[in-house]
Amino acid sequence: MPIAAPRGGHGHPLAAPFVSYCLVRIRTDDGLEGWGEISDGWGCEYGKVAGAIVTEALSRFVVGNDPHEVEEIVARMWAWLRRRQGTTWLVAQAISGAEIALWDVAARAEEKPVSALVGANPRETIPIYATGLALSQGDAAVHRDFFAPLIARGLDGVKVRLGPNWRVELETLEHVRTLLGPQVTIGVDGNESFSAKTALRVAERLAALDVAFFEEPIPTSDTDALAHLVRTSKVPIAYGEHVHTARGFRQLADAGLASIWQPDVTVCGGFIEARATAALAAERAIRISPHSATTPLGVAANLHAASLVPTLWRMEWSASGVAELGPYFRGADFLQAPLTAGQVRVPAGPGLGIVPDIEALLAAFPYRPPWPIEAAPALYRGTA
């Protein structure tokens, strides 16, 4: 899907011309279909690699088996791949997509929503915040105008992205805060751009602006510095879109590396791992704010997963992807419905409650391989 510059603003700071997505389809021998999505946190940049994992490494556990035996099928995947391809990063993400598709087809067979199969007493509505632009992409008016249609529908939470030119961008953020007013909650994503010392300085500025959370300010590889940041920052520190399995979140908790968790069902391993992560968060009294940077299919999956979270705060809403891709999905009416008290209704089902028009999608957005990268980007380096 092409990435256009915002009206009156600039292109993406990585000069990314498009973002890719990867869907998984499972078809039973009686013609019933289930759909899942694989994500790496910002689309699925290596779609054909993910697809190869599904068709070569995962299909052997699925084909010929009962689609109702989701938990047993997925347990075999984890057990077998642990000593072979591994069980993190793109393998975990591919398992996520396959597992979501399995739940979708099993729930459709029973004519129930996925959340009713995965857990008990799911919520009917989910509070959300909308992901916006990088602060470097325009002045405060550009960001206000980007969020205006959603705020008019009832949205009361947003997120913007802060990069290496943070001194100037924080001035923009201050003006954004003024334009949106105190009634709108604002979060900030650091995209692992900062050194630990800079992150502390930035966090002080964010606290003064009443920012709700500071997401991924530094790389998680510097665990000692990150733990110190979590302890000392007045703004809650959020991580989780690159964490796989409940075990990964347990390690996050044990080391004190986040005060808000951001699991994504299309990344963490699927509904079973998301369910276990939610239970762990409830045990540790940790807020969960699910990440979602997917097509509307992945958004629906994350809504179902979020509906089962006891410590739910707000779920991310990928504003651009939802707006661009919504027309290519059947059952996507919930994407444009009024947001009562900033909440969106979980699709009622059956299954995920949404189906891609795959022919129309492929015609409108034919797959392209990743674009050339000619230099190490300043964004994501952890050196600002």
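These questions and answers look at a pocket and a pair of helices in a predicted model.

Student: What is the volume of the largest pocket, and which residues are the closest to its centre?
Tutor: Rolling a probe the size of a water molecule over the atoms shows where empty space is left. In this model the largest pocket has a volume of about 1,100 Å³. Of the 42 residues that line the largest pocket, those closest to its centre are C22, L23, V24, R25 and W35.

Student: Which element gives the most to the lining of the largest pocket?
Tutor: At least two lining residues come from each of β1 (22–27), α1 (47–62), α3 (90–110) and α13 (358–364). The element that gives the most, with eight residues, is α1.

Student: How do the residues of that lining divide into nonpolar, polar and charged?
Tutor: The lining of the largest pocket is made up of 42 residues. Sorted by class, these residues divide into six charged, nine polar and 27 nonpolar.

Student: Are α6 and α7 roughly parallel or roughly antiparallel to each other?
Tutor: Two packed helices are described by the angle between their axes and the distance between the axes. For helix α6 (residues 166–180) and helix α7 (residues 196–208), the axes come within 11 Å and cross at roughly 15 degrees. Angles under 35 degrees count as roughly parallel, and therefore α6 and α7 are roughly parallel.

Terms used. Residues numbered from 1 in each chain as written. Predicted model: local features only at pLDDT ≥ 70, side-chain atom pairs only at ≥ 80, totals over all residues. Heavy atoms only, no water. 1 Å grid on protein atoms, 1.4 Å probe; cavity = no way out; pocket = protein on both sides within 12 Å on 5 of 7 lines; lining within 4 Å. Points joined across faces, edges and corners; volume = space filled by probe spheres on them. Helix = DSSP H or I, 4+ residues; strand = E, 2+ residues; numbered from the N terminus. Nonpolar A, V, L, I, M, F, W, Y, C, P; charged D, E, K, R; others polar. Axes fitted to C-alpha atoms, helices over the stretch in contact; angles between N-to-C directions. Parallel < 35°, antiparallel > 145°, perpendicular 65-115°, else oblique.
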